Amino acid sequence: MIRDIFSAIRSIWIAFLHMFRKRETIQYPEEKPDLPARWRGRIVLTRDPDQGERCVGCYLCAVACPVDCISLQAAETKEGRRYPEFFRINFSRCIFCGYCEDACPTYAIQLIPDFEMSEYDRQNLVYEKEDLLINGQGKYHGYNYYKVAGLSIEGKGKGEAEKEDKPVDIRSLIP
Amino acid sequence: MSETLKIALIIIGVLLGSLTVAAGLIWLERRLLGLWQDRYGPNRVGPFGILQVLADMIKIFFKEDWIPPFADKRIFTFAPAIVMTTILLSFAIIPFAPGIIVSDLNIGILFFLAMSSLGAYSIVLAGWASNNKYSLLGALRGSAQMMSYEVFMGLSLMGVIMLSGSFQLTDIVEAQRGMWYVVPQFIGFVVFLIAGIAETHRLPFDIPEAESELVAGYHSEYSGMKFGMFFVGEYLGITLISALITALFFGGWLGPGFLPPFVWFFLKTLVFITFFILLRASLPRPRYDQLMEYGWKFLLPLTLLNIVITGMIALSAN
């Protein structure tokens with residue numbers, strides 16, 4: 001019984017001492033929270049170092065999306081580069097899981113540490129391609145899909161990509 | 001005529017004052033709990049968030065006042081009024097300063113004990129009329145708790161009454177000119193404090209409302225201003241117990257002359273209100289049987305011992 005009383009008084013004292021501690025609260029609108037670099041917030045579409053769109057319209061993000069909030073239509077330019085004709089993300093559905101970023105083979109779709117996306121009108125949460133595209137490269141600098149991929153486009157034939165050997169001539173016996 | 005006017009003014013002042021303090025406590029409690037939990041609490045509405053009280057009041061006044069169809073309508077409406085009335089009536093005997101007292105009854109303490117016993121009806125009737133098993137459980141617990149702690153509450157004050165030789169609160173305060181009764185009656189003070197917490201069913205003894213077990217206990221079915229009355233009643237109860245502790249054990253309005261007597265009373269009361277809130281921030285709720293055991297097996301013998309020793313000392317001093 002004596003120990004119980006002592007322990008109760010001790011808990012009261014410890015709770016009292018907490019008034020001299022630092023506050024945990026961040027006074028949000030005035031004081032911005034310190035978000036980690038890998039925070040999964042607003043989704044953006046990035047560009048390669050030559051300002052071309054990275055997205056090749058492969059639909060992998062739309063397939064990976066567990067809530068089906070991504071919709072796009074692939075198209076092809078006359079040089080042979082694939083691009084999305086439209087790219088639409090419904091952020092009122094998005095759960096910011098980041099699976100689209102994981103699925104993307106060209107680092108095009110990325111999640112950035114920005115969460116201030118509130119809208120008064122729900123329709124405004126549907127972001128079109130021009131809302132999603134940014135002018136920078138996002139988290140992965142220097143990557144250009146068409147420069148490293150084996151795909152031939154106008155101005156770059158087979159085997160002309162970076163670190164790529166010439167195609168093997170299968171009709172020749174010379175190694 | 002001027003005498004009547006003065007009494008009317010005091011009554012209105014005490015009513016408005018106690019209700020304002022009780023409403024302000026809603027804000028104070030949230031701020032202080034925040035302070036002890038390393039956060040800020042409401043600090044947006046007005047300076048330091050003080051207008052939060054106003055916002056809360058506007059909200060609660062405009063809420064739907066819903067009476068469940070299965071409830072006993074008349075008793076359901078009547079129950080919250082009891083708690084407010086009895087506690088506000090108890091304020092009549094509190095001496096805030098010399099001359100500032102609604103009614104200086106010569107049985108002041110008995111009047112307070114009677115009123116706080118009546119307050120138990122509010123819980124029982126509210127729980128019964130709600131026709132809900134959680135409410136009824138809360139009411140059962142509440143009535144048992146209030147009845148058992150009433151016993152020590154009364155007995156713990158016997159020492160004070162023996163020392164001062166009066167039930168009148170102004171006499172008791174005046175008798176503390178030499179020494180506050182908290183020194184010779186320390187056990188009485190501790191028991192009265194604990195019984196006071198149980199009587200106002202504040203945490204850690206909030207067993208009748210125990211939101212983690214009983215939804216909200218006896219006021220589960222209440223909404224709007226009826227719930228608000230229970231809510232304000234609880235804060236009025238804290239204020240009342242703190243004011244009584246001040247008057248009975250800490251010399252009431254007595255204090256060094258650089259502050260007026262009323263301010264001394266107010267400050268001392270505020271310290272105990274703060275302590276009530278600190279208890280909420282720090283202690284967990286005991287089990288129901290632990291509460292009963294603690295009351296009957298520990299506090300009751302302690303109080304009786306206190307009475308016997310005080311009586312012996314008082315007799316031998318004569």
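**Exercises on a predicted model**

Leaving aside neighbours within four places in sequence, D48(A) is in contact with R54(A), Q137(A), Y143(A), N144(A) and Y145(A). The model used here is predicted.

**Exercise 1.** State how far D48(A) is from D114(A), in sequence and in space.

Solution. 
- Step 1: Along the sequence, 66 residues separate D48(A) and D114(A).
- Step 2: From C-alpha to C-alpha, D48(A) and D114(A) are 21 Å apart.

**Exercise 2.** Work out which strands stand at the edges of the open three-stranded sheet of chain A, and why.

Solution. 
- Step 1: The strand order is β2-β3-β5, and the pairing is antiparallel.
- Step 2: β2 (70-76) and β5 (126-127) of chain A each have a single partner strand, so one side of each lacks a neighbour in the sheet and they stand at the edges.
- Step 3: β2(A) pairs with β3 (residues 82-90) of chain A over seven bridges.
- Step 4: Within this chain, L72(A) has F87(A) in β3(A) as its bridge partner.

**Exercise 3.** Describe the side of chain B that touches chain A.

Solution. 
- Step 1: Twelve residues from chain B and twelve residues from chain A take part in the contact.
- Step 2: On the chain B side, α1 (2-36) and α11 (261-282) are the elements that give two or more residues.
- Step 3: α11(B) gives the most, with four residues.
- Step 4: By class, this side of chain B has eight nonpolar, two polar and two charged residues.

Definitions and conventions. Residues numbered from 1 in each chain as written. Chains lettered and ligands numbered in written order. Predicted model: local features only at pLDDT ≥ 70, side-chain atom pairs only at ≥ 80, totals over all residues. Pairing = 2+ DSSP bridges. Contact = placed C-beta atoms within 7 Å. Nonpolar A, V, L, I, M, F, W, Y, C, P; charged D, E, K, R; others polar.
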